[in-house]
Amino acid sequence: MEQGVSFDLELIRRYDQSGPRYTSYPTAVEFDESFDQTAYQAACARSNESGRPLSIYFHIPFCDTVCFYCACNKIATKDRSLAPPYLERVYRELEMQSALFDKSRQVEQLHWGGGTPTFLSDAQMIELMEVTRRHFTLAGDDVGEFSIEIDPREADADTVKLLRRIGFNRMSLGVQDFDPRVQEAVNRFQTEAQTMTVLEAAIAEGFRSTSIDLIYGLPFQSVESFGKTLERVIEVNPQRLSIFNYAHLPDRFKPQRRINDADLPAPEVKLDILQSTIARLTEAGYIYIGMDHFARPDDELALAQQAGTLYRNFQGYSTHADCDLIGIGVTSIGMIDNTYGQNRRELAEYYADLDAGRLPVFRGIELNRDDLIRRDVITRLICHFQLDKGSVESKWGIQFDDYFAESLGKLAGMAEDGLVALDADKIRILARGRLLVRNICMAFDAYLAAKTGPIGFSKVI
Ligand SMILES: C[S@@+](CC[C@H](N)C(=O)[O-])C[C@H]1O[C@@H](n2cnc3c(N)ncnc32)[C@H](O)[C@@H]1O
Ligand code: SF4
């Protein structure tokens, strides 16, 4: 596949709109409470018949301090005594969940996300991994993708050593920006030394993949200031980089109200930052994987993209396409067989369900055949920037051009603008359309088509 992305300011301006990130299709907006424990259990039983490998996501919601920009599901607290009661419920949930899955099914992917997973003490992290291994069969280190989100302010070289010992082999590090002025405006004070210590330890301990998260669009950022952060990051040469567009939705995320609108870079400046970031990363040898992600050409994501085996779910891009995903912890989302199911979003409710012996799944959706077909198409486009119509037709027994006549009609304008090529047998997202892949996927989204009025998603760019 031809790789590369091109930045066309005029096109980006024209297409800049709100849209889903498609970590799921249908998106979480479509989940409803008619999907309950019983529906979840039935999905688990069906999934056992498939014998697919498993993926487990653990959500650790606590953070020592709040970063004002944060849009993650977190609970800001300095009270470390909150961890044991949380873990107690997580263990209960692990036990209940494990009873639903055949023990012969291997866990090929495991992810601790947050919040801040290393809010837990060393002993708690060791215990959590032990309890997990007691209930599930984890794949070997050579096959398994075992990853953790690290806030370098909450970890040091010894933490990294411990994490490797208990089984982790991939990590992503939250950095966002090294500029002190930006850090002050977002209440995240993190020295370069803290970040480098963790990154160097990860490389020394044999972590197979290291990734750094940056955000553009934060207060006081400019092309020059963000460029400096980027240079420092390029110097340490992480395998992957996530460059997130700051999603500013203060009505939804309360801490964002502490960010002064007037301090945010103007839209033109944001686009300039994005443009120079892409140019610099390309020059430094990184490949644009898609949706905010860059990787070195020898990274397994880049290789999987070239081989056509890349996949994307709630945990981002992955090389494990065929797993059922179990979500453990408050707010976690699972993807089992043809369903998505989400756990309670309030800690008290999550605890109450488990204390009463109920699974904490409270809403979700069972995908119908049309949802499954559209999800397949959207996933192919996001992961590979192209789609072979014949392969979709033989998988689903449809006539692509007939089935998607309306979607193809919506793409006609984008084809004229050079974002996408609509060949007889293929759809190819061209270099000019790659940053706008969300817009292209939106043409295949049956739920968006049915909606009118504001949709409450973040801006595409
Ligand atoms: C779930 S957070 C966990 C990382 C860890 N707690 C830390 O802060 O280092 C994952 C990443 O989401 C990104 N993020 C959080 N809020 C965001 C927002 N409003 N817009 C864009 N990216 C955001 C940040 O880059 C962050 O590192
Ligand atoms: S960015 Fe990370 S550390 Fe900061 S509040 Fe969000 S989850 Fe917590």
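View 1. Tyr 69, Gly 115, Gln 176, Arg 188 and Asp 213 come nearest among the 20 residues around ligand 1, where a residue is near a molecule if one of its heavy atoms lies within 4 Å of it. The following are polar contacts, that is, pairs of N or O atoms within 3.5 Å. A polar side-chain atom of Gln 176 is 2.7 Å from an oxygen atom of ligand 1. A nitrogen atom of ligand 1 lies 2.8 Å from a backbone N or O atom of Gly 115, and a polar backbone atom of Ala 71 is 3.1 Å from a nitrogen atom of ligand 1.

The model is predicted: local features need pLDDT of at least 70 and side-chain atom pairs count only at pLDDT 80 or more, while totals for chains, interfaces and linings use all residues. Residues are numbered from 1 along each chain as its sequence is written, chains are lettered from A and ligands numbered from 1 in the order in which they are written, and side-chain values use heavy atoms, with hydrogens and water left out.

**View 2. Shell of ligand 2.** Cys 63, Cys 67, Tyr 69, Cys 70, Gly 115, Thr 116, Asp 151, Arg 153 and Arg 188 surround ligand 2. The shell has four nonpolar, two polar and three charged residues; Ala, Val, Leu, Ile, Met, Phe, Trp, Tyr, Cys and Pro count as nonpolar, Asp, Glu, Lys and Arg as charged, and the others, Gly among them, as polar.

**View 3. Packing of helices α4 and α5.** Helix α4 (residues 122-135) packs against helix α5 (residues 157-165) at an angle of about 15 degrees, with axes 10 Å apart. α4 is therefore roughly parallel to α5, a term for angles under 35 degrees, with those over 145 being roughly antiparallel. Asp 122, Met 125 and Ile 126 of α4 meet Thr 159, Leu 162, Leu 163 and Arg 165 of α5, contact meaning heavy atoms within 4.5 Å. By class, this contact of α4 with α5 has four nonpolar, one polar and two charged residues.

**View 4. Packing of helices α12 and α13.** The axes of helix α12 (residues 369-384) and helix α13 (residues 389-396) cross at roughly 155 degrees and come within 11 Å. The two helices, α12 and α13, are therefore roughly antiparallel to each other. Arg 369, Leu 372, Ile 373, Asp 376, Val 377 and Arg 380 of α12 make the contact with Ser 391, Val 392, Lys 395 and Trp 396 of α13.

Technical notes
Axes fitted to C-alpha atoms, helices over the stretch in contact; angles between N-to-C directions. Helix = DSSP H or I, 4+ residues; strand = E, 2+ residues; numbered from the N terminus. Parallel < 35°, antiparallel > 145°, perpendicular 65-115°, else oblique. Polar contact = N/O pair within 3.5 Å; in protein donor to acceptor, adjacent residues only side chain to side chain.
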